[in-house]
Amino acid sequence: MKKWLCFYLCWLLLVPFSCRGQGSEEKSALPAAAPGQTLATAEPDLPPPTPRKSRTALYLDSLGLVDVRDLDPTLIVRLMYATADNFTGEVLYEDLQEAYLQPEAAEALVRAQQALHRIHPSYNLIVYDAVRPMSVQQKMWNVVKGTSKNIYVSNPARGGGLHNYGVAVDISIADSLGHPLPMGTEVDHLGREAHVNLEDQLLREGAITREEQNNRKLLRQVMHEAGYRVLPTEWWHFDLYTRAQAKEKYSMIE
């Protein structure tokens, strides 16, 4: 009886060691991690997730407009109406961060960027506004109607402006650090200091500097080379087509 009891106790003691030995053999089949490192398990090589587009961006896609950075990612986009830092003091683009244009206008903008790079390889165009739905145009008009500033905003009741067709851009130039070049006024300045046809007079008055005028001229040079024309009262605003041409070629963006 004592012999049987001793045998049983020895068996109980040996079973855990046997199980541990089996586990050690299984673990030894895995590659050993280097000291101080965690052994990573293999994972499938998955593509990065695609950013989800806003409802407005999907709407503009459906109309055939183009995100300009899809054509040239070196273009800088900082939509001023996506923040409250604009003449209205309000956020007008609540779910839009991309600059959309009609395909021909987007391609022309890329040509302007290429022209700028030939002159200053480290500079880039910076887009502050592109296509503008008429609903946003109405909000802008409501701010200036009945004031002396209404000459700077197209009246929706008269058909709006070329932004509403996707063939106009508000644009400037950024240096190698992404800082906008000095142009004499901020973009969206509603006043005579922004007038292109008054630049020589503004220079004599000291309202703008020679450097600022030269920067404006550089912007006009590369935009004109691509087919855009400047709006005389806003140094930053460029149209690819006339109003009549835009109405013939495209529909208004509501």
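Here is a short walk around the sheet of this model, one selection at a time.

Before you click: the model is predicted, so local features need pLDDT of at least 70 and side-chain atom pairs count only at pLDDT 80 or more, while totals for chains, interfaces and linings use all residues. Residues are numbered from 1 along each chain as its sequence is written, and side-chain values use heavy atoms, leaving out hydrogens and water.

Start by selecting residues 124-129, which is strand 4. (Helices, H or I with at least four residues, and strands, E with at least two, are DSSP runs numbered from the N terminus.) Strand 4 is mostly covered, with 6 of its 6 residues buried, meaning under 20% relative accessible area with a 1.4 Å probe, protein chains only.

(Pairing takes at least two DSSP bridges between two strands.) Look for Ile76 opposite Ile126 and Val77 opposite Val127.

On to residues 168-174: strand 5 pairs with strand 4 in the antiparallel sense over 5 bridges. Here Ile126 stands opposite Ser172.

Zoom out, and you have 5 strands in an open, mixed sheet ordered 2-4-5-7-6. Strand 2 and strand 6 (229-231) are the edges, each pairing on one side only.

Next, pick helix 4, residues 103-119: it packs on the sheet, touching strand 4 and strand 5 (contact is heavy atoms within 4.5 Å). Its direction makes about 145° with that of strand 4; axes are lines fitted to C-alpha atoms, for helices over the stretch in contact, with angles from 0 to 180 degrees between N-to-C directions.

Last stop, residues 210-225: helix 7 lies across strand 4, strand 5, strand 6 and strand 7 (234-239), at about 130° to strand 5.

Conventions
Buried < 20%, exposed > 50% of the residue type's maximum accessible area, 1.4 Å probe, protein only.
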